[in-house]
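This report describes a two-chain model for a reader working from coordinates. The sequence and structure come first, and the description follows.

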Amino acid sequence: MSNSILAFESIEKSFFGVRVLKDITLGVPRGKLLGLVGENGAGKSTLMNLMGGVHAPDRGQMLLDGKPYAPRTPSNANAAGIAFIHQELNLFTNLSIAENIFIDGFPRLRWLPMLNRGHMRARTKQFLDAVELHVSPDTLVEKLSPGERQLAEIAKALSFDARIIIFDEPTTSLTARETERLFRLIERLRGDGASIIYISHILPDVIRLADEIAVLRDGELVAHGRKDEFSIHRMIALMVGRAIEQLYPPRRAAPTATPVLEVRGVAQRGIVEDINFTLYKGEILGVFGLMGSGRSELARILFGLDDHACGELLVDGKPYARPSARRSIDAGMAFVTENRRDEGLLMDISIAENIGLVALPHYAAATVAGVKESRYFDQIAGIAESLAIKSGDIRQQAVKTLSGGNQQKAVIGKWLLDKPAVLIIDEPTRGVDVGAKYEIYSIINDLAAQGTGVLFISSELEELLGVCDRILVMSNGEIQATFARAEFDKERILRAAFRENGS
Amino acid sequence: MMEAKVNEPDRAAARTQRVATSGGGSAARRVFRKLLLSQYFVLYLSIIYFLVLWPFIPRIASPQNLGNIFSNMWPLLAVAIGQTFVLIIAGIDLSQPAIMALASVIGASIMTTQLDPVLFEKSPLWGVVFTEAGGPLAGNFVAVPVAIFAMLLVGVLIGWFNGTAVARLKMPPFMVTLVGMMFFSALAIYLVKSENIIHLPESYVLLGQGQISFIPYSFFIVGALAIAAQWLLSRTVLGRWFYAVGVNVRTATVSGVPVVRVIVIAYILSGVFATIGSVFYSARLAAGRPTLGATLLLDVVGATVIGGTSLFGGKGKIMWTVFGVLFFVLLDNSLNLLNLSYFWVQIVKGSVILLAAALDVARTRLLAKG
């Protein structure tokens, strides 16, 4: 490990008495890219937070260029040349790119207590050119797309001569083209001598980019070596601690021919147009589309969160006008939105109260009557158990302390106290690790086997192919094509999504 | 970094040593920590404040003064309970003092038995609602219940207006209720041309001044309401919805919580509880006063927040508000006993509140660390 720019030596860290890092010894190779993988809660983020000066290790030390390195604050870490490109980006959206880049120390005019804006602009321009982001330095960050914001953040890293750049799930909110551009930039940064740590659940990306790969499981380093020692299968087996035979659980029941949700001519100008389809009892119907294809917008309209101008909805054969969330729920619909943090969960509230929120009115005689708590909490505990949510006391523990996969299970759990007739589920496996993905597919399978019609929206075609009975392909707010399981063909589906089917 | 280097080789040894040498001190620290983290923190703070002042102002512990503190708590608590509801849903109600003033004036206009024409001739209500012989129900035995009903109606209507503007029109609660405060307090002053309406029925005055032995009526009524409010918040569907809306309104919407209704109800409750406070305050004064509550806004919001209810919503308990109110009443009382001028009272009060807020921040940070 002599050629490590940064070395962890016997690092230990505990939170609330739980050991999250156990005796980690790992070197970050100089001028190379280290891929860091592991399930949610394996300790990746904690390890990076130690580097970034957010936490201090309980035991062990870090060496930077062979010298002890003990950052106390994130700015210590920046000064040492370590930059962190976060999952949730850390820019001030109300400021310009240039202001963001110089936020830690604005250059001043020599004789006046004023900012040297000319200098700021010129320097920022250089950094933006380096990351190939061709916008003005004065552009407000809020005007940038997620991909461009990421580039701006990398430009900021360049501004303090970062020698180690950490990317934590950088592609979750990027389009395919932006991702490609990011990868080229990462490769160029490495070519220029930067050392890079790349954290991701998307294993093919890690294989593609990395020189070395390290796998964490339950706070331990279970493998570290050159890229060619790893295959995707081996990485998964190492992460989960067992070999996963299948990525998708087998279906237990076939769909019926009884319609449960009929959508006829639903349209809203500029968002979706002329949507017609039928969802059957026990069916898992996939909706595939690229970002901006209208897939999530359609889900919101069907559930009554957004308006639609015309069209008809039938649930269980009964027409259903003027939808609203409450009426949809009463009609037997359930909706797991793509944004579990902002729309799925009450982060500061207990796991139990989160799961109970939707069905709550059914546990009291009236809105201002006492909730029948023993029955309420018993049934919630039953749901948490059947979903195998890994937690302590669900009535005490806040849902925000759960890992991503377990949070997602809690969001799904909200809809299971009253068995739904229709489940609309949008990107349920985004930011979720391999093991939890399998469990979520199994939950969806079980619901379908019990007769729920599932509308499964995803931008990951693989999982739709693995789980669904039929797939609708959306593009530009319209349904372009429908594929039954027998005619699943990755290429044809992608072509439909890109509207390259002659139309 | 130097220090880290020195300790590095035998950090474990150093740790055991530290534990061994500081056994006595750490017990005291643990007690202090426990005190700080307790949800009775503000109660303890009030008790400590009282005990510290006792040697300096012996009068503070006289039976008469204790009685004063005790009876001063309940009207303020009524108003603060209303504020607690809106803070929990991540709102704020600055119009409470104006609601109190308007309710006080309207209630008094209905039941007063005699008015001085010199003072009230110019009032827009002269000859319409009241005359020299008092209000429309002067001397009638239903005057008091009808007047109180009218006062509550004022609270409901203004609360409904605030809630609707916030929930349906998505206006910021700070703006809506600030404007409400200006509008309705000016209206109250305009209606009676700045004059207090006196000559209120005795049975009404008794509400504010009457006692059973040394316990004021307000204790029984507001105490019962506080228990009901806590029950509503912690045991009912509506209560859980309050917290859900306060923590994350988008999640609440998707989960089928009738968000608009919940917000409107919270503001109506705020208005109603402000009115209940108004009933006791104006009964104690034996007057309908157009500036009633004008100085109370800081006390109400301050007491509620110091109790531990969050300004950002989603967190709060009636019991906390009770402690916060106790602290404020005690503070006010002690400063009055010192015979300080109004300005000094305000300066000291502001400082103490700031200190309490700083302690609360420290406490929150400690809690987050676990």
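Which residue of β17(A) is the bridge partner of Met333(A)? In β17(A), that partner is Val422(A).

## Basis of the model

The model is predicted, so local features need pLDDT of at least 70 and side-chain atom pairs count only at pLDDT 80 or more, whereas totals for chains, interfaces and linings use all residues. Residues are numbered from 1 along each chain as its sequence is written, and chains are lettered from A and ligands numbered from 1 in the order in which they are written.

β16(A) pairs with strand β17 (residues 422–426) of chain A in the parallel sense, over four bridges. Strands (E, at least two residues) and helices (H or I, at least four) are DSSP runs numbered from the N terminus, and two strands pair if DSSP finds at least two bridges between them. In a regular strand the side chains alternate between the two faces of the sheet. From β16(A), Met333(A) and Phe335(A) point one way, Ala334(A) and Val336(A) the other, and all are buried. A residue is buried if 20 or more other C-beta atoms lie within 10 Å of its own, exposed if 12 or fewer, and partly exposed in between, with C-beta atoms placed from the backbone.

Helix α14 (residues 404–413) of chain A is mostly covered, with ten of its ten residues buried. Among them are Gln407(A), Lys409(A) and Ile412(A). The buried residues of α14(A) pack against β16 (333–336), α11, α12 (351–356), α13 (373–386) and α15 (434–449) of chain A.

The domain assignment, which is automatic or taken from a database, gives chain A a domain 1 (4–240) and a domain 2 (259–497). Ten residues of domain 1 of chain A are in contact with nine residues of domain 2 of chain A, where contact requires C-beta atoms, placed from the backbone, within 7 Å. The side of domain 1 of chain A that touches domain 2 of chain A has three nonpolar, five polar and two charged residues. Here Ala, Val, Leu, Ile, Met, Phe, Trp, Tyr, Cys and Pro count as nonpolar, Asp, Glu, Lys and Arg as charged, and the others, Gly among them, as polar.

One open sheet of chain A has four strands in the order β2-β1-β4-β5, with antiparallel pairing. Its edges are β2 (18–29) and β5 (67–69) of chain A; each has a single partner strand, so one side of each is left without a neighbour in the sheet. Neighbouring strands of this sheet are turned by 30° against each other on average, direction ignored. Strand β1 (residues 4–15) of chain A is joined to β2(A) by eight bridges and the two run antiparallel; Phe15(A) has Val18(A) as its bridge partner in β2(A). Helix α1 (residues 44–51) of chain A packs on the sheet, touching β1, β2 and β4 (59–64) of chain A, and its direction makes about 65° with that of β2(A). Axes are lines fitted to C-alpha atoms, for helices over the stretch in contact, and angles run from 0 to 180 degrees between N-to-C directions.

Another open sheet of four strands has the order β12-β11-β14-β15 (chain A), with antiparallel pairing. β12 (272–280) and β15 (318–319) of chain A stand at its edges, each with a single partner strand, so one side of each has no neighbour in the sheet. Strand β11 (residues 259–268) of chain A pairs with strand β14 (residues 310–315) of chain A in the antiparallel sense over five bridges, and Glu312(A) in β14(A) is the bridge partner of Arg264(A). Helix α9 (residues 295–303) of chain A packs on the sheet and touches β11, β12 and β14 of chain A; its direction makes about 70° with that of β12(A).

## Contact between the chains

The contact takes 28 residues from chain A and 22 residues from chain B. On the side of chain A that touches chain B, α10 (325–330) and α11 (340–344) of chain A each supply at least two residues. The residues on that side of chain A divide into 18 nonpolar, four polar and six charged.

Ala364(A) is found in the loop between α12 and α13 of chain A. Ala364(A) counts as partly exposed because it has 19 C-beta neighbours inside 10 Å. Leaving aside neighbours within four places in sequence, its contacts include Lys372(A), Thr236(B) and Val237(B).

## Chain B

Chain B has 17 helices and two strands. Its C-alpha trace spans about 90 × 60 × 35 Å along the principal axes, and 46% of its 370 residues count as buried.

The axes of helix α10 (residues 202–209) of chain B and helix α14 (residues 259–285) of chain B come within 7 Å and cross at roughly 110°. α10(B) and α14(B) are therefore roughly perpendicular to each other, a label for angles of 65 to 115 degrees, with under 35 roughly parallel, over 145 roughly antiparallel and the rest oblique. Tyr204(B), Val205(B), Leu207(B), Gly208(B) and Gln209(B) in α10(B) meet Val279(B), Phe280(B), Ala283(B) and Arg284(B) in α14(B). The residues of this contact divide into six nonpolar, two polar and one charged.

Notes:
Contact = placed C-beta atoms within 7 Å.
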